[in-house]
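Subject: Structure handover

Hi,

Here is the structure I promised to pass on. Please open it and keep it beside you as you read my notes.

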Amino acid sequence: MRRGPTTFSLVLALLVAALVLALTLGGFLSTRAGLRALGDSYGRLVVATATSVDALASRDDPAARATLARLQRSGIRITTESPPPSLRRVVPVVEEVGHVAGELLGDPSRVVVVQRPEAQIWVRSERLPGHWIVMQAVSFRRQVIRSMLLVMLFAGLVAAAVAALAARLLTRPLERLAAHAPALLGGQSIQQHLRGSPREVRDLADALGAAGEELRQSARERELMLAGISHDLRTPLARLRLALELGDANDPGRRDAMVNDLDELDKALAQCLAYVRDGSDEAVRAIDIPTLLGQLMALRHAPDDWHYEGHDDAVLHARPSLLRRALGNLMDNAEHYGAAPFRVRLQRAGDELSISVEDHGPGVPEDLLARLGQPFLRGNAARTGACGTGLGLSIVKRAAEISGGRLQLANRSGGGFSATLVLPLAARERSPA
């Protein structure tokens with residue numbers, strides 16, 4: 001595959017093009033300004049010369065004739081011939097001189113500019129009818145072109161050097177960032193290598209570092225999930241295999257135990273799939289929270305152990321399945337590791353809605369509170385989900401983050417444990433951590 005140009009070459013080309021364009025435009029404008037200045041200066045000189053020659057030609061004395069002879073040797077003469085047609089395009093500066101001279105004389109028709117091939121300026125005599133004063137226009141075209149080429153060449157070299165330096169200064173931070181990108185994605189700090197870099201490069205480095213952290217976190221979660229699935233499936237599968245080898249399929253009690261093992265396997269897989277499919281693609285809808293909580297409490301194994309406290313009219317814009325799963329996990333967790341009676345508390349504070357699930361169990365050791373919600377953190381002290389995969393609170397925490405809220409876990413002062421899901425009333429999405 002053909003490799004594209006480097007950033008340095010692109011920036012250098014753009015800078016050189018910009019400088020060349022600026023130099024060309026500046027040269028054009030300076031040429032126009034110089035043309036007007038030359039036209040004004042030489043136009044006045046042509047008028048002065050023509051007026052003087054015309055005055056001398058009207059006199060008939062030796063001094064006047066001697067002066068006219070000297071002027072003729074310098075290229076100024078008087079003739080009765082008419083101005084010939086031009087054989088080539090008149091040089092712009094000479095044309096400007098003729099235009100200024102005609103305006104100064106008050107009659108532009110008295111001045112004719114001819115190019116044959118040298119430039120000539122013909123001025124009709126005012127005192128001698130039928131006579132023309134002819135002046136040879138000195139041409140500096142070759143010298144001007146040579147000087148302009150030299151100036152442009154020198155300016156181009158300077159512009160190229162400045163553009164190369166500017167391009168190097170602009171692209172060097174990107175090159176350093178590209179060179180240390182693997183280390184940055186690996187979690188290493190490269191701030192010392194980006195000293196003096198523009199703010200955009202440092203922001204890009206921070207974004208790459210955050211992306212690398214998310215990738216590492218995803219990889220850790222996948223590894224934990226594989227390890228958790230293998231561990232959770234190994235024990236029920238071993239019991240099923242032993243039961244089949246012992247021929248326990250015909251024993252009703254053994255058969256029920258095998259069915260329970262299959263149910264446990266199914267719940268473990270369902271919990272893992274729920275963690276992977278975070279529900280972020282589900283559509284947001286208006287949900288009547290008291291009605292949803294009433295339905296979830298009515299589906300518990302012991303509905304009488306559950307009590308509701310809070311508002312009777314609270315509508316939340318969220319993802320229905322994701323919210324139902326999160327609240328169900330909190331209730332499962334309370335029943336599995338807590339003790340009755342259980343309470344669901346609904347509170348509204350500003351633009352947020354708090355849903356708390358409380359129990360009267362032993363609570364959680366203080367040193368484990370900060371770790372709750374990590375994937376596959378298990379054990380009674382960690383109060384994980386009912387299926388034993390350690391993903392119950394992780395699913396709730398991710399659901400809260402996707403909805404733009406948060407999960408708060410704390411031990412109750414009077415004994416027991418409280419899990420509070422704080423969600424914004426209006427839909428506000430946020431990528432899960």
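Two strands count as paired if DSSP finds at least two bridges between them. Keep in mind that this is a predicted model.

Start with the strands. β3 covers residues 119–124, and it pairs with β4 in the antiparallel sense. The pairing runs over 5 bridges. One place to look is Q120, whose bridge partner in β4 is Q136.

β4 has another partner. Strand β1, residues 76–79, is joined to β4 by 4 bridges. β1 and β4 run antiparallel. Look at T79: it stands opposite W132 in β4.

Is β4 itself mostly covered or mostly open? It is mostly covered.

Now the helices. In general, two packed helices are described by the angle between their axes and the distance between the axes.

Take α8 (residues 289–298) and α9 (residues 320–337). Their axes come within 11 Å and cross at roughly 45°.

Which residues make the contact? From α8 come I289, L292, L293, Q295, L296 and M297. From α9 come L323, R324, L327, G328 and M331. By type, the residues of this contact are 8 nonpolar, 2 polar and 1 charged.

Best wishes

Key
Residues numbered from 1 in each chain as written. Predicted model: local features only at pLDDT ≥ 70, side-chain atom pairs only at ≥ 80, totals over all residues. Heavy atoms only, no water. Buried < 20%, exposed > 50% of the residue type's maximum accessible area, 1.4 Å probe, protein only. Helix = DSSP H or I, 4+ residues; strand = E, 2+ residues; numbered from the N terminus. Axes fitted to C-alpha atoms, helices over the stretch in contact; angles between N-to-C directions. Contact = heavy atoms within 4.5 Å. Nonpolar A, V, L, I, M, F, W, Y, C, P; charged D, E, K, R; others polar.
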